[in-house]
Amino acid sequence: MSSTLAGAFGIAALFVAVLALVFAVQALRAQSGTAKAVTKLAATPEPQQHAPAQAQPDARPGTVKSELRRLSKELEEARTELRDTLQHLAVVRYDAYGEMSGRLSWSMALLDDNGDGVVLTSINSRNDARSYAKEVKAFESDAKLSPEEEEAIDTLRKEASPTLGDPDHQ
């Protein structure tokens, strides 16, 4: 019985490692985007206090209009980068073998706005636990998916469909 428990802890540790890897990749993506924004902010000239008035004050760096344009552009770039982060999650719990109660098996889809990401699955029985990770591109996978994995992906696909026509979510 202790070997079964050790195996279960091993599988749990594997899933924690996979999730840590996924979050580390996302953190690196976010950090590279932050570094770009910091570089852009450092390159932005400071407004001059006593500069002579010009015919087109909005064209001068440091004016309110030029700063709003710059911030609007940076906000759009941040929104674009956010679309590529794994921010959508759906979990389906179930009894894989019908012999256990408590729905200890699960499939979890982690996707970005484009439907790209990963599906993680843990199938638990009385004697062992098995773990699977499958890549997803555009809400589809090259690997054969279980009905529960399909359900998790379909849940996120349905949640994404209303936002496809919304310009704030594209």
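**View A. Antiparallel pairing of strands S3 and S4.** Strands S3 and S4 run antiparallel and are joined by 8 bridges; strands count as paired if DSSP finds at least two bridges between them. Helices (H or I, at least four residues) and strands (E, at least two) are DSSP runs numbered from the N terminus. The model is predicted: local features need pLDDT of at least 70 and side-chain atom pairs count only at pLDDT 80 or more, whereas totals for chains, interfaces and linings use all residues. Residues are numbered from 1 along each chain as its sequence is written, and side-chain values use heavy atoms, with hydrogens and water left out. The hairpin formed by S3 and S4 has 4 residues between the strands. Within this pairing, Val118 has Glu135 in S4 as its bridge partner.

**View B. Strand S3 and its pairing with S2.** Strand S3 (residues 117-124) is mostly covered, with 8 of its 8 residues buried; buried denotes under 20% relative accessible area, exposed over 50%, and partly exposed the range in between (1.4 Å probe, protein chains only). Strand S2 (residues 105-111) pairs with S3 in the antiparallel sense over 6 bridges. Val118 in S3 stands opposite Leu110, and Val118 also has a bridge partner in S4, namely Glu135. The hairpin of S2 and S3 has 5 residues between the strands, and in this hairpin Gly115 takes a positive phi near 80 degrees.

**View C. The largest nonpolar core.** A nonpolar core is a set of buried Ala, Val, Leu, Ile, Met, Phe, Trp, Tyr and Cys residues joined through side-chain atoms within 4.5 Å. The largest such core has 14 residues, and those with the most contacts inside it are Ala109, Leu111, Phe139, Ile153 and Leu156. Strand S1 (88-94), S2, S3 and H3 each supply at least two residues of this core. H3 gives the most, with 4 residues. Leaving aside neighbours within four places in sequence, Leu111 is in contact (heavy atoms within 4.5 Å) with residues including Leu86, His88, Val118, Val136, Phe139 and Leu156.

**View D. Salt bridges of Arg157.** A salt bridge is a side-chain nitrogen of Lys or Arg within 4 Å of a carboxyl oxygen of Asp or Glu, and the count by this rule comes to 8. Glu140 forms a salt bridge with Arg157, the closest N and O atoms being 3.3 Å apart. This pair links distant parts of the chain: Glu140 lies in the loop between strand S4 (129-136) and helix H3 (147-160), and Arg157 lies in helix H3, 17 residues apart. Arg157 also meets Asp154 in a salt bridge (2.4 Å, N to O). Arg157 and Asp154 are separated by about one helical turn because they are 3 residues apart in helix H3. Arg157 is partly exposed at 30% relative accessibility, Glu140 at 48% and Asp154 at 25%.

**View E. The Arg70 and Glu67 pair in helix H2.** The salt bridge between Arg70 and Glu67 has its closest N and O atoms 2.8 Å apart. Both residues lie in helix H2 (residues 64-82), 3 residues apart, about one turn of the helix. Glu67 counts as partly exposed, at 22% relative accessibility.

**View F. A charge over the ring of Tyr132.** Lys134 lies over the face of Tyr132, at 5.9 Å from the ring centre. A charge sits over a ring if NZ of Lys or CZ of Arg is within 6 Å of the ring centre and within 35 degrees of the ring normal.
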